[in-house]
Amino acid sequence: MCGIVGLLVKTPALREKLGELMVPMLIGMTERGPDSAGLAVFGNPLAETERKISLYSGLTEDGADFNWLGLTHELKAHLGVSASITPKGNHAILGFDIAPTVVKRWIKEHHPKLHILSTGRSIDLYKDIGTPAEVAARYGFAGLTGSHLVGHTRMATESAVTPDRAHPFTAGEDFCLVHNGSLSNPNGIRRMLEPRGITFETDNDTEAACRFLEWRLREGDDLETALQKGFEELDGFFTFLMGTPDKLALIRDPFACKPAVVAETDDYVAIASEFRSLAHLPGVKHATVFEPAPEEMYVWNA
Amino acid sequence: MERLTFDLAAQPLRELNTFLHTGAKEGKVGHVTVLNPDGAHNIAVGLDCPIEVEVVGHAGYYAGGMNKSATVTITGSAGTGVAENMMSGKVHVKGFASNGAGASAHGGLLVIEGDAGLRCGISLKGGNIVVGGSVGSFSAFMAQAGRMVICGDAGDALGDSLYEAVLYVKGKVKSLGADAQYEEMTEADIAAVASLLDQAGLDHDPKAFRRIASQRSLYHWNADANQEY
């Protein structure tokens, strides 16, 4: 079991309240996922040449005392890059304006235990072990702003309870995915992708789905085509919620084994595994509430 | 008869269910209103006295489950397993219902005015279900007794491995399950559909429905089938 939440605000004024509206949604899914939590938030994109990566230091020896400022000094000394850093305990967002592959390769060489959570121009990603309330407080989720976000509460079934196996998973740039369910062919997907040069960071089944769909997008599929190929290739139980810089997308397996419910008003689209995570939203009593059908694609534009 | 209101925004669900299991049996309270259900699970489960419960809003999993004698109305939608294993009485959902609605119901009437999700009426054991909208795939799977009236469409594998339950569908059926077949509507069928629609408060022409029942070809092991099933 796991819990999924998603929120996309249509009214620009609500962008400032994105995190505040979302925190009760995430906490509402605690019973479905008490062991880890995470979210990806999408905001205004950086300039064309700029990138940001979300980093997690909880797996390093220094943990939350990691010397984030020192990291920027090292980057300056080694790569000659002026990077910005926004630290929050064991998490930081690193901004720079060179190719992200160069920075990421350098981080992997010099700080192999520093976990790269996401890369892109729009996405910031946070995830850690702990209850949703603990993780939300740890990173100040209530203060997050942006146009849309994808969140998850985890009750692990397919791989261990560790920060890197929490959701959302990311692949490539500005793409993330959360999953409620269990895939039956993740190893087959890995064996198909690995010879194509796609590397995996965990043994988690969701990572296979995430890398598969991002690979299709990178190969030129639009989101709908990629999702259609997902229906054909990914076997098992799933409700997937995905985020891109301008879209939220939801699909459910043909047996609808895992739940999902949507509430839509003029101000927002909110998605959750169950209605109890939507019940607090303003105006939800007059929202259009529906259950997404199995094997259908639901795509909302930010 | 007295009326009582429980506001689940201010009172724990257990207070409501405890009253419905104990105090309600004294017979003084005839109607209970439940405010702010907010998708909570197990609202008004296991009732066994003739009381009316109105849930104003959206209910979570298993609302009205195991109901006996009571009438439970949900003005919004219902989550997974509404009226699961109902014995008697009535559960009425004004909105839509999620998967497994009325699963294994032994008796009583489940009315869903909107759509029902997948596996509606799975393993039905004698209850009646009327769905104003459409039902998802695998509905009435292995249904043993009782009737389902579907005013909209049905998904894949409707009535797969049916026993003696009978299904009536007005709209399109994506596919029938193994051993299910269309049969002629008799006068008795039309009267049964008319009666169930009337009890559900839905207005449809009973003659517009098709009857689906079991071919009964899976009832006995067929040694000549050469292990094909």
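Start by selecting helix 6 (residues 205-218) and helix 7 (residues 223-233) of chain A in this predicted model. Angles under 35 degrees count as roughly parallel, over 145 as roughly antiparallel, 65 to 115 as roughly perpendicular, and the rest as oblique.

Now show the side chains where this pair meets. Helix 6 of chain A brings A:F212, A:L213, A:R216 and A:L217 to the contact, while helix 7 of chain A brings A:L223, A:A226, A:K229, A:G230 and A:E233. Two residues are in contact if their C-beta atoms, placed from the backbone, lie within 7 Å. By class, this contact has 5 nonpolar, 1 polar and 3 charged residues. Ala, Val, Leu, Ile, Met, Phe, Trp, Tyr, Cys and Pro count as nonpolar, Asp, Glu, Lys and Arg as charged, and the others, Gly among them, as polar.

Next, move to helix 1 (residues 18-28) of chain A. Of its 11 residues, 9 are buried (20 or more other C-beta atoms, placed from the backbone, within 10 Å of the residue's own), so helix 1 is largely enclosed by the rest of the structure. Among the buried ones are A:L18, A:M22 and A:M25. To see what covers them, select elements including strand 1 (2-9), strand 2 (36-42), strand 8 (148-154) and strand 14 (268-272) of chain A. Helices (H or I, at least four residues) and strands (E, at least two) are DSSP runs, numbered from the N terminus.

Helix 4 (132-139) of chain A is also part of that cover. Helix 1 and helix 4 of chain A pack at about 150°, with axes 8 Å apart, and are therefore roughly antiparallel to each other. Zoom in on A:V23, A:L26 and A:I27 of helix 1, which meet A:P132, A:A133 and A:A136 of helix 4. This contact has 6 nonpolar, no polar and no charged residues.

Finally, show both chains. Their contact takes 11 residues from chain A and 14 residues from chain B. On the chain A side, 8 are nonpolar, none polar and 3 charged.

Chain B averages 96, and 98% of the residues score at least 70. The model scores ipTM 0.93 and pTM 0.95.

For your selections, residues are numbered from 1 along each chain as its sequence is written, and chains are lettered from A and ligands numbered from 1 in the order in which they are written. Local features need pLDDT of at least 70 and side-chain atom pairs count only at pLDDT 80 or more, whereas totals for chains, interfaces and linings use all residues.

Conventions:
Axes are lines fitted to C-alpha atoms, for helices over the stretch in contact, and angles run from 0 to 180 degrees between N-to-C directions. A residue is buried if 20 or more other C-beta atoms lie within 10 Å of its own, exposed if 12 or fewer, and partly exposed in between; C-beta atoms are placed from the backbone. pLDDT is the predictor's confidence in each residue, from 0 to 100.
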